[in-house]
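Please read them with the structure open.

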Amino acid sequence: MSGVKSSGIAPRRPLLAELIGTALLVTVVVGSGIAAARLSPSDSGLQLLENSTATVFGLAVLILVFGPVSGGHFNPVISAVDWLLSRRPGNGLSAAGVARYAAAQLIGAIMGALLANMMFDLPPLQISGKDRISLGHGLGEVVATAGLVLLVFALARTGRAALSAAAVGAYIGAAYWFTSSTSFANPAVTVGRIFSDTFAGIAPTSALFFIAAQLVGGLVGVGLVRFFFPDAPVTAGRAVVPHPNYPSKES
C-alpha cells in the first residue's frame, strides 16, 4: 500500500471493495458450512474439512481480486493494526479510515450471511443459537488473531506482501484445525455469522466473547510484530497487497 493521494472518487472504491470482499468472504464461510452440513450430515470432521477448504480458496481469491483496490483487509483488526503501526510514519490508514473500513466490513459481513441463507433457500434473516463460549475457544481466538496479524505485517516488512493471498489463506485453513475455536480471527466475520443459524453460526453472546478475544489477539500480534520487526511501522502500510490507489490519510 502506498500513501498516494486519491482522486475524489477513489476513496469510494476501497470502501466498496472492503464491503463486497467481506460480504463474499462471509458468503463463502456460511455457504460452505451449510453445504457441508447437507452433504455430510453425520460426519462433523468431514464438514469442517469441506468448510475450511472452501474458506482457504475463497479467501485467497478475494485477496487477489480486491487487494489492489483496498488492500484486501476484510477484517477490522487488520485495519486497526495498519493504523496502530503506521500512524507515525503516516503511510497507512488514518483513524477515520479505520472507522470507514470497519463500517464497510461489518455491513458487508451481515449482507454476506443473508446472501448465503437465501442461496440455500433458508430464511434470510436468522439469529444463531450456537453457543461457543469457553476458555479454550477464547484462547484459540487470541492465538489465531495474533498469528494472523504477525503473518500479514511480517510479509509487509519483508517485502513479500504479494504472497498474502496464498499465505493468509493457508494460515486460516490451518488455524481451522489447530485452534479449538476454528479460527474466526475477524470481528466482522464473527458479527456476520450471528445472522445464520447454521453450521458456521455463532450466538450473539458468544460473538461478543470472540470479538473481545480477537481484540486481545490483535494487541498481542502488534507486540510480536514490533518485537521481531522493530522497523515494521515504516512498511506496515504495504499490507495486505501493495497497490497504487490506496486511500491516503487525507482521503
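1. Is F74 buried or exposed? F74 counts as buried, because its relative accessibility is 1%. Buried here means under 20% relative accessible area, exposed means over 50%, and partly exposed lies in between (1.4 Å probe, protein chains only).

2. Some ground rules. This is a predicted model, in which local features need pLDDT of at least 70 and side-chain atom pairs count only at pLDDT 80 or more, while totals for chains, interfaces and linings use all residues. Residues are numbered from 1 along each chain as its sequence is written, and side-chain values use heavy atoms, with hydrogens and water left out.

3. The overall fold. The protein has nine helices and zero strands. Helices (H or I, at least four residues) and strands (E, at least two) are DSSP runs, numbered from the N terminus. Of the 251 residues, 54% are buried. Take the contacts between residues at least 6 apart in sequence: 82% of them join residues at least 24 apart. Contact means heavy atoms within 4.5 Å.

4. Aromatic pairs. The whole structure holds five of them. Rings of Phe, Tyr and Trp (its six-membered ring) pair if their centres lie within 6.5 Å; planes under 30 degrees apart count as stacked, over 60 as edge-to-face and the rest as tilted. One of the pairs is F66 with F74. Their ring centres are 6.4 Å apart and their planes stand at 85°, so this pair is edge-to-face. F66 is also buried, because its relative accessibility is 14%.

5. The phenylalanine cluster. F184, F209 and F210 form one aromatic cluster. R193 lies over the face of F184, at 3.5 Å from the ring centre. A charge sits over a ring if NZ of Lys or CZ of Arg is within 6 Å of the ring centre and within 35 degrees of the ring normal.

6. Helices α5 and α8. Helix α5 covers residues 135–157, and α8 covers residues 204–228. They pack at an angle of about 40°, with their axes 7 Å apart. Axes are lines fitted to C-alpha atoms, for helices over the stretch in contact, and angles run from 0 to 180 degrees between N-to-C directions. The two helices are therefore oblique to each other. Angles under 35 degrees count as roughly parallel, over 145 as roughly antiparallel, 65 to 115 as roughly perpendicular and the rest as oblique. The crossing of α5 past α8 is right-handed.

7. What does S206 touch beyond its neighbours within four places in sequence? S206 contacts K130, D131, R132 and I133. S206 lies in α8 and counts as buried, because its relative accessibility is 0%.

8. Two positive phi values. D121 is not a glycine, yet its phi is positive, about 60°. D121 sits in the loop between α4 (95–119) and α5, and is exposed with a relative accessible area of 72%. A185, another residue other than glycine, has a positive phi near 55°. A185 lies in the loop between α6 and α7 (187–194). A185 is buried, because its relative accessibility is 1%.

9. A162 and G67. A162 is in the loop between α5 and α6 (164–178), and counts as exposed at 62% relative accessibility. A162 and G67 are 95 residues apart in sequence. In space, C-alpha to C-alpha, A162 and G67 are 9.4 Å apart.

Note on methods:
Left-handed = near helix turned anticlockwise from the far one by under 90°.
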